[in-house]
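Then follow the text from one site to the next.

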Amino acid sequence: MTGYLLRSLLVLAALLLWGCNLENRMMVRRMSSIARKAGAAVEEHWDYDLVGAAMPGNILQLEGIHRLDPGHEETTLRLMRAYGAYAFGWVEDQAEEARRAGREEQAEALDKRALALHRRAAHLGIALLEQRHKGAKEAFERGGDTWRRWLRDALDEREDVHLLLAFAQTWASIVNLSRDEPASIARFPAVKISVERAVELDPAAEHATGPVLLGAMEASSGSLGGGDLDKARAHFAKALALTRGEALMVRVQYARTYAVARGDAKLYTQTLQAVLGAKTQNPSLRLANTLAQRRARRYLSQRDELFP
């Protein structure tokens, strides 16, 4: 009798747990659907400061949803991208402003904060890659040809491109922010391989983020070994063509990486002035272009420092 009662209680507990998990999953699906529809409104917003103030709350809300159902892929990807976007678009921007004003201690603190945010994004990214395709974590740890083969064999669908680009983008930021850490620098080849695979699958994805990343890597990787300015120019030309010149961050990165590496002050100035004078009509790029113009204005003010 005692054994029967115990088994009955265990079955009841399992059913209750399953019911709670099912309720959580249904709630996560509903909230994810709402977040997906709301995301477009954020991308189309014109007020950079307003969006930046709201981003931390959005991230914490997504963390809560992710806790309810860690296996929900859309939520994980959205959370990962939110961390990367906030780190790059706001925290790194604040660090640049602080450094420009001579507040080096504050700039270093902001760099560390951005790095922590990117590391959280990278952790979510590799976990999601592993969830979708077993062996991702081990292959990335090995890097080199092992990672290249794994990406070629496992990722053959365009639906993986957005995840792979977000993963590579946040790792590129980690490398850039931790150049004094050999372990992070050692990831650079694997990051580049990731972008190359994403471009093979869909070069136009995320407003040609893949070609932009490759262009910046080729132009900026002299200190990391390798780098080819002719290849960099070709990648940026491809990105400009794919976006029809509407994504202004393409030009900002072109000036900031290629023109600087080439030592071409005229190209640098003309490109950034074109960004400031641009009036694009694509609503989905409104926020991104606001950030691009914000940085173009700052970078123009640094022209004499970069080209003495």
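Asp 93, Glu 96, Glu 97, Arg 294, Arg 295 and Arg 298 are linked in a network of salt bridges. A salt bridge here is a side-chain nitrogen of Lys or Arg within 4 Å of a carboxyl oxygen of Asp or Glu. Side chains of opposite charge can pair when their charged atoms come close. This is a predicted model, in which local features need pLDDT of at least 70 and side-chain atom pairs count only at pLDDT 80 or more, while totals for chains, interfaces and linings use all residues. Residues are numbered from 1 along each chain as its sequence is written, and side-chain values use heavy atoms, with hydrogens and water left out.

One partner is Asp 93, with the closest N and O atoms 3.0 Å apart. The pair links distant parts of the chain: Arg 298 sits in helix α14 (residues 286-301), Asp 93 sits in helix α3 (residues 73-100), and 205 residues separate them. Helices are DSSP runs of H or I with at least four residues, strands are runs of E with at least two, and both are numbered from the N terminus. Arg 298 and Asp 93 are both buried. Buried means under 20% relative accessible area, exposed means over 50%, and partly exposed lies in between, with a 1.4 Å probe and protein chains only.

Arg 298 also forms a salt bridge with Glu 96, where the closest N and O atoms are 2.4 Å apart. This pair again joins helix α14 to helix α3, across 202 residues. How accessible is Arg 298? Its relative accessibility is 6%, so Arg 298 counts as buried. Glu 96 has 22%, so Glu 96 counts as partly exposed.

Now go to the end of helix α3. Arg 100 forms a salt bridge with Glu 305, the closest N and O atoms being 2.1 Å apart. Arg 100 belongs to helix α3 and Glu 305 to helix α15 (residues 303-306), 205 residues apart, so this pair too links distant parts of the chain. Arg 100 has 34% relative accessibility and therefore counts as partly exposed. Glu 305 is exposed, at a relative accessible area of 54%. A search of the whole structure finds 25 salt bridges.

Stay on helix α3 for one more arginine. Arg 81 is found there. Its relative accessible area is 34%, so Arg 81 is partly exposed. Which residues does Arg 81 touch, not counting residues up to four places away in sequence? They are Ala 166 and Glu 206. Contact means heavy atoms within 4.5 Å. Arg 81 and Leu 165 are 84 residues apart in sequence, yet their C-alpha atoms are 9.9 Å apart in space.

Glu 206 deserves a check of its backbone. Most residues other than glycine have a negative phi. Glu 206 is not a glycine, but its phi is positive, about 55°. Glu 206 lies in helix α10 (residues 205-220). At a relative accessible area of 25%, Glu 206 is partly exposed. Arg 244 is another non-glycine residue with a positive phi of about 55°. Arg 244 lies in the loop between α11 (229-243) and α12. Arg 244 is exposed, with a relative accessible area of 64%.

Next comes a helix pair. Helix α12 (residues 248-262) packs on helix α13 (residues 265-277) at an angle of about 165°, with the axes 9 Å apart. Axes are lines fitted to C-alpha atoms, for helices over the stretch in contact, and angles run from 0 to 180 degrees between N-to-C directions. Angles over 145 degrees count as roughly antiparallel, and α12 and α13 are therefore roughly antiparallel to each other. The contact residues of α12 include Leu 248, Val 252 and Tyr 258, and those of α13 include Leu 267, Leu 272 and Val 275. By class, the contact has 12 nonpolar, one polar and two charged residues. Ala, Val, Leu, Ile, Met, Phe, Trp, Tyr, Cys and Pro count as nonpolar, Asp, Glu, Lys and Arg as charged, and the others, Gly among them, as polar.

Finally, step back to the whole chain. The protein chain has 15 helices and zero strands. Buried residues make up 43% of its 308 residues. Among contacts between residues at least 6 apart in sequence, 69% join residues at least 24 apart.

Terms used
Angles under 35 degrees count as roughly parallel, over 145 as roughly antiparallel, 65 to 115 as roughly perpendicular and the rest as oblique.
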